[in-house]
Amino acid sequence: MEETFGNAVEEEYNFKLIQEVEGLNGGISECLCVEEVAIETKELKDINGLALKSHRQEDEASGKPAHKLAPISALKQNGILQSLTAGKKEEADAELNHEVQQAEDEWAALEAVQPVISDHSGSCSSLISFNEALQHFQTTDLSDIKGNIQPTLRRRGLAAVAHFLFGPPRLHRELQEERDLVFTIAQCSLDNNQKIHIRVLQTIYKKLTGARFDCPRYGTHWEQLGFQGTDPGTDLRGTGFLGLMNTLYLVMDPQMLPLAREIYKLSQHPVQNFPFCVMSINVTRIAIHALREEVLTKECNKRQQVVGVLNDFYVATFLQLYQIWKAQHKTISDSGIVLKEVESVAKKNPKQLLRRLESYLSEQKSGASALEVTSPSPSPNLRVSDPWLSSSSSSKDLKFIGVCELPPEMEGEARLI
């Protein structure tokens with residue numbers, strides 16, 4: 001009975017000691033066998049002033065099993081136990097430090113990342129005036145392009161003699177450089193690396209749509225303005241950057257802007273719609289032909305300027321086209337023949353065309369609606385259908401055909417740029 005009671009007391013004592021060691025040594029729950037403790041005590045006697053007593057002989061004498069949990073509370077000062085505990089702690093600290101260092105490196109790399117703004121969208125560039133854009137070309141070296149221009153029409157034989165005797169006067173010498181600049185701009189393509197070019201494009205978009213922020217350089221939003229695709233530059237093959245310069249003048253001049261918006265509004269009509277910018281480019285082409293054929297020379301000499309005359313002739317021609325298109329309920333299927341007729345009228349009597357523009361601007365300034373005036377009587381040759389055009393009236397299903405794509409009908413006619 002006493003032996004049983006003693007065993008129970010000893011086991012309870014050992015259990016408490018195990019719990020104590022677990023608390024002191026960070027949760028070590030290992031239990032050392034008596035046999036293992038005896039070996040360690042033989043090798044490490046009186047470590048830190050503590051001599052460990054072997055229990056192997058007592059266990060054998062009392063008949064207890066050799067492998068019994070020993071009171072390891074006595075080993076709490078043991079150097080091996082402390083080294084094991086410290087080793088695990090150092091390993092955990094090293095792993096934690098490595099993770100912390102890795103996190104710090106990742107955070108430093110994240111701070112070094114710079115935001116990237118894509119393709120002008122979301123930004124707000126300032127509007128550019130026509131004079132500022134023109135000054136860019138005046139101060140840029142365009143000598144390589146200037147050597148390829150054709151400022152006048154080359155006539156031969158009797159055509160050259162008749163032009164010399166009965167044709168318009170020659171352009172004044174002091175205006176020839178300005179004229180050459182116009183044809184040089186007409187040879188320049190849209191350059192994404194030129195900020196001025198992009199600002200011109202963005203200004204046209206903002207003034208017509210009322211947008212406050214820049215739009216992407218490419219996208220279907222350009223089709224809303226009347227370009228034929230997602231890249232406006234592809235529509236400038238015939239007029240070069242001059243096509244955008246004329247449109248810029250139309251939307252940035254305070255007197256011309258109301259007309260520009262009226263024309264743009266008509267271009268969005270459910271039935272009478274047409275591609276605004278493509279139509280504008282075709283009007284620019286008419287102006288280039290008129291300047292090359294020296295139709296505008298007399299007016300240029302009178303006003304002592306070329307660019308101003310060309311801009312007003314462009315607007316006057318566009319106004320003529322707008323009035324015919326609106327009054328006669330023209331559709332996209334009539335575009336080719338209407339452009340051809342407008343070109344013929346504009347070249348035959350440019351002075352009268354410019355006077356109509358002056359009258360329109362005067363009436364607009366006085367509050368009258370010049371856009372509701374009676375349209376010029378249609379030519380008997382005007383027809384709704386045209387051999388070069390499809391019979392469909394839908395602008396989405398019909399490719400726009402302009403005077404730029406009509407075949408030449410007479411010898412000596414101005415060639416496309």
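Analyst: Here is a run through the labels, one question at a time. This is a predicted model, where local features need pLDDT of at least 70, side-chain atom pairs count only at pLDDT 80 or more, and totals for chains, interfaces and linings use all residues. Residues are numbered from 1 along each chain as its sequence is written, and side-chain values use heavy atoms, with hydrogens and water left out.

User: How many helices and strands are there, and what makes a stretch count as one or the other?

Analyst: The protein has 17 helices and 0 strands. Both are DSSP runs numbered from the N terminus: a helix is H or I over at least four residues, a strand is E over at least two.

User: What share of the protein is buried, and how is that decided?

Analyst: Buried residues make up 42% of the 417 residues. The label goes by relative accessible area: under 20% is buried, over 50% is exposed, and in between is partly exposed (1.4 Å probe, protein chains only).

User: And what share of the contacts join residues at least 24 apart?

Analyst: Take the contacts between residues at least 6 apart in sequence: 76% of them join residues at least 24 apart. A contact here means heavy atoms within 4.5 Å.

User: Why is Val-283 called buried?

Analyst: Val-283 has a relative accessible area of 0%, so it is buried. This residue is in helix H13. Setting aside neighbours within four places in sequence, Val-283 touches Tyr-314, Thr-317, Phe-318 and Leu-321. The C-alpha atoms of Val-283 and Tyr-314 are 6.4 Å apart, although 31 residues separate them along the chain.

User: Which residues make the contact between H13 and H16?

Analyst: First, the geometry: H13 (residues 276-292) and H16 (residues 335-348) pack at about 35°, with axes 10 Å apart. Axes are lines fitted to C-alpha atoms, for helices over the stretch in contact, and angles run from 0 to 180 degrees between N-to-C directions. Met-279, Asn-282, Ile-286, His-289 and Ala-290 of H13 meet Leu-339, Glu-343 and Lys-347 of H16. These residues split into 4 nonpolar, 2 polar and 2 charged.

User: What makes the buried residues of H5 line one face?

Analyst: In H5 (residues 130-138), Phe-130, Ala-133, Leu-134, His-136 and Phe-137 are buried. Seen down the H5 axis they fall within an arc of 150°, so they line one face of the helix. The arc is that of the directions from the helix axis to the C-beta atoms. The buried residues of H5 pack against H8 (173-185), H9 (195-209), H11 (242-252) and H15 (307-327).

User: Which residues does Leu-175 touch?

Analyst: Leaving aside neighbours within four places in sequence, Leu-175 contacts Cys-300, Asn-301, Gln-304, Gln-305 and Val-306. Leu-175 lies in H8 and is buried at 3%. From Leu-175 to Gln-304 is 129 residues in sequence, but 7.2 Å from C-alpha to C-alpha.

User: How many disulfides are there, and by what rule?

Analyst: The count is 0 disulfides, where a disulfide is a pair of cysteine sulfur atoms within 2.5 Å. As for the cysteines, Cys-188 is buried at 6% and Cys-300 is buried at 1%.

Notes
Ala, Val, Leu, Ile, Met, Phe, Trp, Tyr, Cys and Pro count as nonpolar, Asp, Glu, Lys and Arg as charged, and the others, Gly among them, as polar.
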